[in-house]
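The sequence and structure are shown first.

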Amino acid sequence: MAEVVNVRLLKAGDKLQVSHGATVVVVSNPLDGVWIFARYLASPEDPSLEGTEDMIFAQDIIEVLEISGD
Amino acid sequence: MATKTKGRFVNGLVDMKAGKISREIFVNEEIYAEEQEQVFTRAWLFIGHESQVPKPGDYFVSGMGEESVILCRDREGALHVFLNSCRHRGMKVCRYDEGNTPVFTCPYHGWSYATDGKLVGVPFFKDAYHEKLDKSKWGLVEVAQMEVYKGSIWATWDPAAPPFTEYLGDFKMFFDLSLEAWNGTDEPLEVIGGVQKWLIPCNWKFPAENFSGDSYHNISHRSVDMVGIGPSGTGRRDTQERADSRRLQVSFPDRGHQTGIYVLPGGSPTAASYQQSPEVADYFREAEEKRRAIKGEWGRVTGSPGEIFPNTALHPRQPRSIAVWHPRGAHQTEVWRWYLVDAGAPYAVKDFLRQYYIRYSGPGGLTEQDDMENWNYAHSASRGTIARRHPYSYEQGMGSEQTNFELDGLKIPGTVMDLTEAKSSEQNLRNFYKRWAEFMDAPSWDELADWR
């Protein structure tokens, strides 16, 4: 089982693998432990999402790909 | 409603012709449940103060009757009041007292709402809902009407209620005594020190009645006067101008609002106050001089406790605060008290007032403790089978009220009782319960707004 991502620790610039094979970069974190605001970097199933911003649900986050430098 | 002479409550359980009120309206749980519908879903209720939510994203969790509501300022700067309950399964979407946030997220299933109330986050929207849920229909429930009046924020669930200033009627000029700066201008006030919240084991109408103008109970505060908690170390206030003033009760029968006031004779100066602290004394002397200059004859009026129907209490002068009596069942009230100061006052003045305010009011305030003890035991001693058979007396001063009252050229609107010699009257209390009974009997605002 993949390690559970603590979404409260995510910060702007972190790159994430999310469901449906998409990758996103964190734009901001409301710190509610449930959602993050992110921008799609890649979305093979729906390329029209690339470059758009959306709210990403915590359970849709599969893993942290890259932690941004401060 | 003024034309209605008899109902279950009007001249029934609330018999104002005889000056008697049944104890049932305080202790009966069915009447309490009815009251939530008839009074608290229809009246305008105090929510908070603008100074509590100055920036986009700021929120303050308040209450309307038994409902938890969120006062918040959205990203565009607009104020909203929402029911604090997720549209999916009802969980509170905000469990903090106040703060700043971009979204209100339900911790149960994760629905998330923007600060304008729109549903913006639905977990598994694509996979489980197949993007078919119409998010635009599932935003937070917003109040029917909200108004900001001189920094105070009010709301009602009833779209048919009159606008707030019409709801106030001529009581507005008395409410202004609580909302204007000490110098009588619209310079901003601010809430100091957070909001005090505590529970009292009594029906909410006991404190509402008390602040409507029950000065008969002053004997209860004699010990506080002896201790001398006032700003000058004597009594419980520092309002020497009252010695020279006419002491009046003012009430508005068609609205249910009432207050006490003091009116100085024409040409009389306001006595100095806060004499033990030179900086505070100077601040109030300058403010009072300006207030008297810009208010003209109305400047002769100073405030005393009052009540905006149904459950907002005013304490305009010393200490300056606004309280809400939130109903928490027939036998319990949750008090919330806001303390107000001039936002531009020097720190020393604010701190002096803060210390005086909490010495006087709130759960640790000596004066409020006296009151709570009375309400607590009056309520518990009224719950028994035998006790409930015997009504309370509200006969004091019946028939002595006046209209078109004038004092040295200053006309006072509303129904006036001159207490200067009478010392006490229950006219304001009768006014409160008369309006309460009208709300309980009336099917809609068509009957309640009969001044139209």
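## Basis

Two strands are taken to pair if DSSP finds at least two bridges between them. Strands themselves are DSSP runs of E covering at least two residues. The model is predicted.

## Strand 1 of chain A

By this criterion strand 1 of chain A pairs with strand 5 (residues 61-66) of chain A: four bridges join the two, and they run antiparallel. Strand 1 of chain A is also joined to strand 2 (residues 23-28) of chain A, here by three bridges and again in antiparallel fashion.

Strand 1 of chain A spans residues 15-18 and has two faces. A:L16 and A:V18 make up the covered face, while A:K15 and A:Q17 lie on the uncovered one.

## Hairpin in chain A

Strands 1 and 2 of chain A form a hairpin, with four residues between them. In the turn, A:H20 has a positive phi of about 60°.

## Open sheet in chain B

Chain B has an open sheet of three strands in the order 3-12-11, with antiparallel pairing. Its edge strands are strand 3 (45-49) and strand 11 (145-149) of chain B, each of which pairs on one side only. Neighbouring strands of this sheet are turned by 25° against each other on average, direction ignored.

Strand 3 of chain B and strand 12 (residues 152-156) of chain B run antiparallel and are joined by four bridges. One of the residues bridged to strand 12 of chain B is B:H49, whose partner there is B:S152.

Terms used
Residues are numbered from 1 along each chain as its sequence is written. Chains are lettered from A and ligands numbered from 1 in the order in which they are written. This is a predicted model: local features need pLDDT of at least 70, side-chain atom pairs count only at pLDDT 80 or more; totals for chains, interfaces and linings use all residues. A residue is buried if 20 or more other C-beta atoms lie within 10 Å of its own, exposed if 12 or fewer, and partly exposed in between; C-beta atoms are placed from the backbone. Axes are lines fitted to C-alpha atoms, for helices over the stretch in contact, and angles run from 0 to 180 degrees between N-to-C directions.
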